[in-house]
Amino acid sequence: TPIKSIQRGNTTCGRNTTATATINSVNTSKAFVTCSNKSGWGTGGHNNTGIWMANSVGGSCRITAATTLSFAAGYNFQYHQQTSGNPVIAWEVIEYV
């Protein structure tokens, strides 16, 4: 198999901030990371036309060193309803031979 290692985890990142996670060492030229929001929520509300608007907090990730992942979370709000809750970012690092 061309895959050398797979690492998975979850990292909580505060809204509009950054976070890091330590992983087992990988060759950064042969590895990549994917991530998605596992949780993180926002309140919703009606806009000025009476349409319900939902809010969310998004996150991103990248490999910043052989043993470090870095995460960033946004802060999204619409109208007078402000998002709350800190997103948990689910991630997976795959390293090839």
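Let me start with residue G59, whose bridge partner in strand β7 is A73, and then with S60, which has A72 as its bridge partner in β7. What we are looking at is a predicted model, in which local features need pLDDT of at least 70 and side-chain atom pairs count only at pLDDT 80 or more, whereas totals for chains, interfaces and linings use all residues. Residues are numbered from 1 along each chain as its sequence is written, and side-chain values use heavy atoms, with hydrogens and water left out.

Strands here, like helices, are DSSP runs numbered from the N terminus (E, at least two residues, for strands; H or I, at least four, for helices), and two strands pair if DSSP finds at least two bridges between them. Strand β6, residues 59–65, runs antiparallel to strand β7, residues 68–73, and six bridges join them; with two residues between them, β6 and β7 form a hairpin. Strand β7 is also joined by five bridges to strand β2, residues 18–22, again in an antiparallel arrangement, and there T22 stands opposite T68.

Now to the side chains. How many salt bridges does the count come to? Taking a salt bridge as a side-chain nitrogen of Lys or Arg within 4 Å of a carboxyl oxygen of Asp or Glu, the count comes to one, and the side chains that meet in it are those of R8 and E92, at 2.6 Å from N to O. Because R8 lies in strand β1 (residues 3–12) and E92 in strand β9 (residues 81–96), the pair ties together parts that are 84 residues apart in sequence.
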